[in-house]
Amino acid sequence: MATASVSGGREKELWRRLGEVNDPELDEPVTEMGFVERAAVTGDGSVEIDFRLPTYWCSPNFAFLMLDGVRKALDQLSWAPVYRVKLHDHMFAEEVNRGMESGKTFGDIFAMLAEDQDLGALRETFAMKAFKRRQEAVLRGLKAHGLTDREILGMDLPAYDVARFEPDEAAKQKPRYRAALLERFPDRRADDPVFVTWEGQHIPADALSAHLAELRAVRINMEFNGALCRGLKQTRYKELDVVDGEPTLVDFILDRVPARTAPIA
């Protein structure tokens, strides 16, 4: 019983950590996007991950950012397991998997594949989009609750933390925006305004409508990319009925044995 309890606890921790890894372009967890095809804790405590992107030609830079996020998530597991991450059905899967098996870092593996692209700049671009999308959701939620523009833009962190929403997009994005804000501005004081631009500038109350219009454009672009990504994934795979409490996918192309995906919460 104790062994089963430990195993179950480790699997829950594994999925929780993987759920913290986002698709960098969409700012949505890779587990919700269905990219983690299989995640298992073996009998000796090691971890095996099968990762599959929606198309064969997904950008190697995006693949790198997600797989690097998976690696960091696995490095944070409490029992420090040995792990194997395998990328499936991608144009650079062979190079990636061979490199990982030989002990190379993701940075070494993707140095050639990324060509001259500045991955640091790419990370910052995606972080900026995520910051704006999360902020817009919370701002719209506060306006829906009847707060004035001046009241919203005057909120500090303590006031923000006690704000409550019905279960909706604003409630989902509230802690995520807080995390993005403090990651962007780690030296921010508790009494500083919560809502600022990505550059850290104050937003005047009479400029909030224009600011929201800018954020809305970012969200629409991300939602379009997300819909496209999901459509491509659904074209490539079909989802069967829930099996043993978990959704099961079949690859149309390879006619694979159904693979287990993230457990339903």
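Hi everyone. Let me start with a definition: I call a residue buried when its relative accessible area is under 20%, and exposed when that value is over 50%. With that in hand, look at strand β3, residues 36-41, in this predicted model. Five of the six residues of β3 are buried, and that makes the strand mostly covered.

Let's stay with β3 and see what sits beside it. Its partner is strand β4, residues 47-52, and the two run antiparallel, paired over five bridges. The hairpin formed by β3 and β4 leaves five residues between the strands. One of the residues to look at in this hairpin is G45, with a positive phi near 90°.

While we're on backbone angles, here is some background. Most residues other than glycine have a negative phi. So which way does phi go at D27, positive or negative? For D27, which is not a glycine, phi is positive, near 55°. You'll find D27 in the loop that links β1 (22-23) to β2 (28-29). Its relative accessible area is 6%, under the 20% cut-off, so D27 counts as buried.

A80 is another non-glycine residue with a positive phi, this time near 50°. It also belongs to a loop, the one between α2 and β5 (83-88). Is A80 buried or exposed? A80 has a relative accessible area of 63%, which is over 50%, so this alanine is exposed.

Now for the helices. Two packed helices are described by the angle between their axes and the distance between those axes. Take helix α2, residues 60-75, and helix α5, residues 119-144: their axes come within 11 Å and cross at roughly 80°. That angle falls in the 65 to 115 degree range, so α2 and α5 are roughly perpendicular to each other. Which residues make the contact? On the α2 side they are N61, F62, F64, L65, D68 and K72, and α5 brings in L119, L122, R123 and F126.

Just past the end of α5 comes G146, which takes a positive phi of about 95°.

Technical notes: Residues numbered from 1 in each chain as written. Predicted model: local features only at pLDDT ≥ 70, side-chain atom pairs only at ≥ 80, totals over all residues. Heavy atoms only, no water. Axes fitted to C-alpha atoms, helices over the stretch in contact; angles between N-to-C directions. Helix = DSSP H or I, 4+ residues; strand = E, 2+ residues; numbered from the N terminus. Parallel < 35°, antiparallel > 145°, perpendicular 65-115°, else oblique. Contact = heavy atoms within 4.5 Å. Buried < 20%, exposed > 50% of the residue type's maximum accessible area, 1.4 Å probe, protein only. Pairing = 2+ DSSP bridges.
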